[in-house]
Amino acid sequence: MSVTTDICIIGGGPAGSVLAARLAQFGLGVCLVERATFPRRHLGESLTPGVLPLLQSIGAGPALEAARYPRVRGVQQRWGAEQGWRDLDGHGLLVDRGHFDGLLLEQARACGVRILQPATLEGWERSEAGWRLAVRSEGRRVALETRLLADASGRAGVLGRRRHRTGPTTLALYGYWKGNGLPEQPRIEAGAAAWFWGVPLPDGVYNALVFIDPRDLRAMPGTLADKFHALIATSSLLPRGGGADLLSSVQATDATPYLDADCVTRDSIKVGDAGLALDPLSSSGVQRAIQSALLGAVVVNTLLERPRSHGMAQTFYREHLAEASGRHRLWARGHYAQVAGTAATRFWRQRAGAPASSAVTQPQAAPQIAPSTPLDLAPGLEIVDLPCVLERFIEPRPAVRHPCLASPVAFVGEVELAPLLRCVRRGMTPPELVRSWMPRVPPQQGSAIAHWLISRGLLIPQQAGAALGIDPATERSARSLVREADPTGLLVPQQAGAMAMDRGRA
């Protein structure tokens, strides 16, 4: 049996299914290969609030609502100074990953994706047209030719790996329980040299997890099950005095965060955990996997349909994953530091790391600007080209760079920023500036953008520049850069970039 397709995706988890569905919506031919038969157990059962809006883009919203997964009302926490109930207003979801992953796979099928399941990838090689794959499905050998190969197989990975650890080595031990007195909402707890996470599933089963340094685990006596029970006993995840039974054997899996340096090439891409794994403390691995798939679909579409832009698309994807990795790493360190101050064991010290420093010049608190205050562009402001998501492709757009910004910004909300700065004339007041942007930008939105520019130090009171002794030549240079960035002054359509992730957005 022979199959020819535009893209073949290996792995039918959330990242693979979302990537497949989105590319099929773009009109590309997609084949997905999944080894396992669904349903099957899988970690990642507590979904963050951002998952549902992301899945609306592939049309999975109604199916998710119909599944009636329990909502996460809150989390019981024992974490440094944070003790007690944290209210989440029911925005998260508690899912059976076997059912959830199957739902997304069926949505991909409904979008026109060809699915081989259960199927195993027996071999692959590059060809002039892309890739040749040997797949075995239902006892038959399938010769598959594809222009591009996507690895969505999670931590296992099918393509070569160049993974760089972005945090300490971490092992997750877990087991599924059932019985009386089990918590009805998730729990997180810090131990002496480990941390614990418990999550109730829709079918009444409770998953209890321990995250530990493998060296500390090896130093403990007994079997893996003995160590797991000893660790869980030091937490409050399970009811005291029994009443809950372990349904299956204790499992162990790597939970170390990493970033793959080869996450994209001209004819391949890695999405989900195949390209980027976050620290498990974030509890947003599924959301991050779906985000990488939605972004990956735009990158793949650009690689296949606009090959001249392949370099820009690859750079965009690599930088996006690197920025996401760095952002989550700093967040995790801050939360580990909350415990490291009192539980000063090696486990917590390593994860807290050294205090983070930032090269970004943090602006002072924005002054209260009166409506009659004349404004001017800040010194040091310049316009650079930045790859952005526009509809189904990666395209360059002028972006604003300034020492007060962590990275260049092309859009504020869904409005392109550089053309707005082109309207700035020395001495304009905030109301005059807002009026100059009409009718392209509604007044209320324009006022919010003006406030953002002032709060970030990109627009300053006119007299402030003189007080700082700004060289007029420098001022003219910055102004000319803004003028040259967008000679037409045209804005992209309001919906452009609606799928864009974080890069270039404010």
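This is a predicted model: local features need pLDDT of at least 70, side-chain atom pairs count only at pLDDT 80 or more; totals for chains, interfaces and linings use all residues.
The chain has 14 helices and 25 strands, taken as DSSP runs numbered from the N terminus (H or I of at least four residues for helices, E of at least two for strands). Of its 506 residues, 52% count as buried, that is, under 20% relative accessible area with a 1.4 Å probe and protein chains only. Residues are numbered from 1 along each chain as its sequence is written. Local features need pLDDT of at least 70 and side-chain atom pairs pLDDT 80 or more, whereas totals for chains, interfaces and linings use all residues, and side-chain values use heavy atoms, without hydrogens and water.

The axes of helix 1 (residues 14–25) and helix 4 (residues 97–110), lines fitted to C-alpha atoms over the stretch in contact, come within 8 Å and cross at roughly 15°. The two helices are therefore roughly parallel to each other, the term for angles under 35 degrees. Helix 1 contributes Pro14, Ser17, Val18, Ala20 and Ala21 to the contact, and helix 4 contributes Arg97, Phe100, Asp101, Leu104, Leu105 and Ala108.

Buried residues of helix 12 include Trp452 and Leu453, and the buried residues pack against elements including helix 10 (417–422) and helix 11 (430–437).

Methods: Buried means under 20% relative accessible area, exposed over 50%, partly exposed in between (1.4 Å probe, protein chains only). Contact means heavy atoms within 4.5 Å. Axes are lines fitted to C-alpha atoms, for helices over the stretch in contact, and angles run from 0 to 180 degrees between N-to-C directions. Angles under 35 degrees count as roughly parallel, over 145 as roughly antiparallel, 65 to 115 as roughly perpendicular and the rest as oblique.
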